[in-house]
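The structure comes first, and the notes follow by topic.

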Amino acid sequence: STLVEAQEKQPTDFVLYQNYPNPFNPTTTISYEIQNAGYVSLILYDILGNKISELISSEKPAGNHSFVFDAGSLVSGVYTYVLNFDGRYESKKLMLIK
């Protein structure tokens, strides 16, 4: 996985965007915004709710962030990614098609 971060205008809220492209094979980009610096956790789950991978687990500055996710080792299917920031959670579904 490769981490790419871009700092532009300061966000005013906590937002998790839908990954793009979706469906994908084998890489997709997951973007999010956080309004202040803090600990960010991005976790991938399978359709049954089993934790597959912790994609991000670190302190991040306020701003817009993107994460390029390589799912080359996973099987085709629907997955959920959950972003935790400042005690709040937001989730989206992604579809891997091989």
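The structure, a predicted model, holds two aromatic pairs. One of them is stacked, because the ring centres of phenylalanine 14 and phenylalanine 85 are 5.9 Å apart and the ring planes lie at 20°, under the 30 degrees that counts as stacked.

**The pair of phenylalanine 14 and phenylalanine 85**

- Phenylalanine 14 sits in the loop between β1 (2-5) and β2 (15-16), while phenylalanine 85 belongs to strand β7, so the pair ties together parts that are 71 residues apart in sequence.
- Both phenylalanine 14 and phenylalanine 85 are buried.

**The largest nonpolar core**

- The largest nonpolar core has 21 residues, and those that touch the most other members are Ile30, Leu42, Leu44 and Phe69.
- Two or more residues of this core come from each of β3 (27-34), β4 (38-46), β5 (51-60), β6 (63-70), β7 (77-85) and β8 (88-96).
- Strand β7 supplies four residues, the largest share of this core.
- In soluble globular proteins, nonpolar side chains tend to be buried together.

**Surroundings of leucine 42**

- Beyond its neighbours within four places in sequence, leucine 42 contacts Ile30, Ser53, Glu54, Leu55, Ile56, Phe67, Tyr81, Val82 and Leu83.

**Threonine 80**

- Threonine 80 is part of strand β7.
- Its relative accessible area is 17%, which is under the 20% limit, so threonine 80 is buried.
- Apart from its neighbours within four places in sequence, threonine 80 is in contact with Ile43, Leu44 and Tyr45, and also with Ser91, Lys92 and Lys93.

How values were computed:
Residues are numbered from 1 along each chain as its sequence is written. This is a predicted model: local features need pLDDT of at least 70, side-chain atom pairs count only at pLDDT 80 or more; totals for chains, interfaces and linings use all residues. Side-chain values use heavy atoms; hydrogens and water are left out. A nonpolar core is a set of buried Ala, Val, Leu, Ile, Met, Phe, Trp, Tyr and Cys residues joined through side-chain atoms within 4.5 Å. Buried means under 20% relative accessible area, exposed over 50%, partly exposed in between (1.4 Å probe, protein chains only). Contact means heavy atoms within 4.5 Å. Rings of Phe, Tyr and Trp (its six-membered ring) pair if their centres lie within 6.5 Å; planes under 30 degrees apart count as stacked, over 60 as edge-to-face and the rest as tilted.
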